[in-house]
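User: I am new to this structure and would like to know how its descriptions are reached. Please take me through the terms as they come up.

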Amino acid sequence: METLGVVLVIALALGFDYTNGFHDAANSIATVVSTRVLSPRWAVIWAAGFNFAAFLVFKTHVANTIAKDVVDQDILTIGVIFAGLVGAIGWNLITFYLGLPTSSSHALVGGIAGAAVSRSGTHVLVSEGLRKIGMFIVLSPLIGLALGLTITVLIQWVFHRYRRVERLNKGFRRGQLISAAAFSLGHGGNDAQKTMGVILAVLIASGHATANADVPLWVVLAAHSAIGLGTLSGGWRIVKTMGSKITRLQPVGGMAAETGAAVTLFYASSSGIPVSTTHTITGAIVGVGASRRLSAVRWGVAGRVVWAWLLTIPGAALVAAITSQIVRAFG
Amino acid sequence: MDRRAVFFFGAALACFALIPVGLEKYQHVAEIVGVVYLVYALLSFLDARSRSRSRKR
């Protein structure tokens, strides 16, 4: 019976990874599509390929943070992890329906924390891990914004005397393919690892892995496959919000935004910090817009995004807490 | 007042506010990003001021 529970929760975790794919991975390709560097179909294939390839580049530090640094490992039972996942997936689906680019990562952290707290109280929260995650909830979009702005200013400074604009644009369009690939790599590296973390927690809770075990290879491959497939399914409502509603992008801006966001994600993944790819790319796009003037940024949309960010952790935690109590009642 | 300078200054304040509450290991990240935003706020302020002066001339 417990084995069936483990299989079900792992399947649900991979399902979450898939929804993360079509929800968050749209960010990888929004700027490429909005600047018409790639058609939507080729853009998703490009992004999905690099989402999958990320397992060759990054270690599993982020997975370990999710599995061991959000709540006390002793409280993580199959039921708690199940409720946490339901909270995250439920919240993702609500915001997907509303077309809001919220964070699947924070939904997951909120879901697991909410489910654990509803079972055993706030003492099960791991302060150090949550402080690290909380710090980068604020810092990741700000780093993305600063890098997006800096790269745009540098490019403008280097090329401002160059008169062959068409040739220059062609170069930036090609450059955007590389920056989109780098961003997709960073996205796969950070987001797929959150699912790996959940599966690792399930394996530890069920006794299939020891408390200090590393993530098994089959988990790594399964998580990257799921997020890649999710990306292939696309998330066009969010692509539209990210790619054109925040600020209008040219190929040079798209390249700067993706490069800034990719650098942020590479740093976060190598440091074991689960960050939101949505926050990061949104910050970078705002940075590109702010290099022209602040009125180039549509603050109404950006503000709506900020509200969705603020609501994600409590929203997912609430759904997870309710689910946790239902699971317990049937339990 | 230049709105962009105010925005960058606010971002710098947000970074510095994280230093006492964040993990010690990552405090340098908040400090560096905060300083970058302060520099951007200063540059943006000077840029706006020189533009408004040249317009008056």
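Analyst: Helix α12 of chain A, residues 277–292, has 16 residues and reaches 24 Å from its first C-alpha to its last. That is close to the 22 Å expected at 1.5 Å a residue. Helices (H or I, at least four residues) and strands (E, at least two) are DSSP runs, numbered from the N terminus. The expected span is 1.5 Å times one less than the number of residues. This is a predicted model, in which local features need pLDDT of at least 70 and side-chain atom pairs count only at pLDDT 80 or more, while totals for chains, interfaces and linings use all residues. Residues are numbered from 1 along each chain as its sequence is written, and chains are lettered from A and ligands numbered from 1 in the order in which they are written.

User: What makes α12(A) largely enclosed by the rest of the structure?

Analyst: A residue is buried if 20 or more other C-beta atoms lie within 10 Å of its own, exposed if 12 or fewer, and partly exposed in between, with C-beta atoms placed from the backbone. In α12(A), 15 of the 16 residues are buried, so this helix is largely enclosed. Over chain A, buried residues make up 58% of the 331 residues; in chain B, 33% of the 57 residues count as buried.

User: How do you know whether the span of helix α5 of chain A agrees with its length?

Analyst: Helix α5(A), residues 78–98, has 21 residues and should span 30 Å at 1.5 Å a residue; its end C-alpha atoms are 30 Å apart, so the two agree. Gly99(A) follows α5(A) and has a positive phi, near 70°.

User: How many helices and strands does chain A have?

Analyst: Chain A has 13 helices and 0 strands. Chain B comes to 2 helices and 0 strands.

User: How does the radius of gyration of chain B compare with that of a compact globule?

Analyst: The radius is taken over C-alpha atoms, and the globule rule is 2.2 Å times the number of residues to the power 0.38. For 57 residues a compact globule would be near 10 Å, but chain B has 14 Å. Its C-alpha trace spans about 50 × 15 × 10 Å along the principal axes.

User: What makes up the contact between the chains?

Analyst: Two residues are in contact if their C-beta atoms, placed from the backbone, lie within 7 Å. The contact takes 15 residues from chain B and 11 from chain A. On the chain B side, α1(B) gives the most, with 7 residues.
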